Amino acid sequence: RVEKWWGRFDLYKYDGFWYRLDLLEGAIAAKSNFQAQDDDVLLSSLPKSGTTWLKSLMVSIMDNHAARTFNNINDAKDQYDLLEENFPHDLIPCMESRIFNPLRASENPTLKAQPRLHHTHVPYSMLSESAKNSGCKIVYIARDPKDVLVSLWYFVNSAKKPEEEPYPMEDAFDSFCKGVHAFGPFHDHVLGYWKESLARPDKILCLRYEDMKMNPRGEVTKLASFLGRPFINDDEVDRIISRCSLERLKGMQVNKEGRADSGLPKSSFFRRGVVGDWKNHLTPEMKERLDEIARKKFQGAGLDIYYP
Ligand code: A3P
């Protein structure tokens with residue numbers, strides 16, 4: 001157990017990964033009780049890897065396809081946009097922090113829509129047997145650990161009162177390098193899903209935040225096809241990309257007010273969204289240390305994911 005991780009809550013190690021206690025209880029309950037169905041889709045990610053973006057995209061892709069198919073039309077551009085009135089994390093709730101969370105049992109939403117979209121931050125090894133072995137598809141998003149660290153640091157500090165000092169970056173960096181962060185270690189988390197996706201590409205799609213930023217059309221088209229909801233023209237993909245842009249979501253009233261499951265302001269999920277923000281926060285030595293860890297972990301596993 002680590003007390004007051006980054007000045008906030010205690011973290012507990014379970015089966016090689018770190019959790020806040022109620023999220024660990026939620027994760028254990030989900031592992032035993034979550035019955036995945038063949039047409040379910042499970043989005044998985046480490047916090048601060050682009051989860052909110054991916055949730056927005058997945059909901060929009062599904063909704064666009066449903067509107068086009070059920071109304072038997074070629075263009076669903078007039079379809080009501082669910083993102084206008086819903087915080088993306090309410091559209092695809094997190095299993096361990098809401099659905100199976102012991103502190104929120106009374107608020108469990110009943111997921112009736114088909115296909116059901118779920119989300120989790122747990123490592124691959126903590127998924128339920130049916131999530132792993134049914135036809136349920138899994139979409140995983142990963143991001144450069146240096147940017148994940150910086151994004152996480154801002155996120156955690158957004159819980160502080162204005163008069164409180166931010167948690168020192170040097171200490172945050174140190175614990176991140178040791179793998180001590182919620183749902184960490186980073187590299188083991190990424191490797192668990194990545195290796196599995198190589199063995200079963202029809203079941204698991206792994207995306208990278210950087211690829212999505214660099215080539216949104218290509219990556220979002222790939223995502224839609226994987227979900228079995230391929231686009232029929234470029235207008236569709238372009239419309240969905242612009243509906244889910246950071247600038248648009250950040251400006252929406254529904255994402256500006258209130259708090260998310262984590263207790264943090266909804267607005268803290270929308271920050272800069274750039275690749276390489278770590279350059280403004282990490283020294284060359286810090287960069288080298290994190291890259292070296294990535295090199296050892298990923299090269300050792302024969303994967304070219306994140307190392308220079
Ligand atoms: P930064 O803190 O680097 O800006 P998560 O959703 O997994 O919590 O990740 C949050 C990160 O994704 C934040 O990164 C946030 O700004 C960025 N983000 C949120 N919505 C986004 C969007 N629609 N497009 C691109 N990035 C987005």
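**Sheet and ligand shell**

Biologist: What is the strand order in the open sheet, and which pairing does it have?

Modeller: The open sheet of four strands runs in the order S5-S4-S6-S7, with parallel pairing. Strands pair if DSSP finds at least two bridges between them; helices (H or I, at least four residues) and strands (E, at least two) are DSSP runs, numbered from the N terminus.

Biologist: Which strands stand at the edges?

Modeller: Strand S5 (117-120) and strand S7 (204-208); each has a single partner strand, so one side of each is left without a neighbour in the sheet. The twist averages 20 degrees from one strand to the next, with axes fitted to C-alpha atoms, for helices over the stretch in contact, and angles from 0 to 180 degrees between N-to-C directions.

Biologist: What numbering and model are these?

Modeller: Residues are numbered from 1 along each chain as its sequence is written. The model is predicted: local features need pLDDT of at least 70 and side-chain atom pairs count only at pLDDT 80 or more, while totals for chains, interfaces and linings use all residues.

Biologist: How many bridges join S6 to S7?

Modeller: Five bridges join strand S6 (residues 137-142) to S7, and Val 139 stands opposite Leu 205 in S7.

Biologist: Changing topic, how many residues surround the ligand?

Modeller: There are 22, the closest being Thr 51, Thr 52, Ser 151, Arg 271 and Gly 273; a residue is near a molecule if its C-beta atom, placed from the backbone, lies within 6 Å of it.

Biologist: Which helix gives the most to that shell?

Modeller: H2, with four residues. Helix H2 (51-70), helix H6 (145-157) and helix H12 (246-251) each supply at least two.
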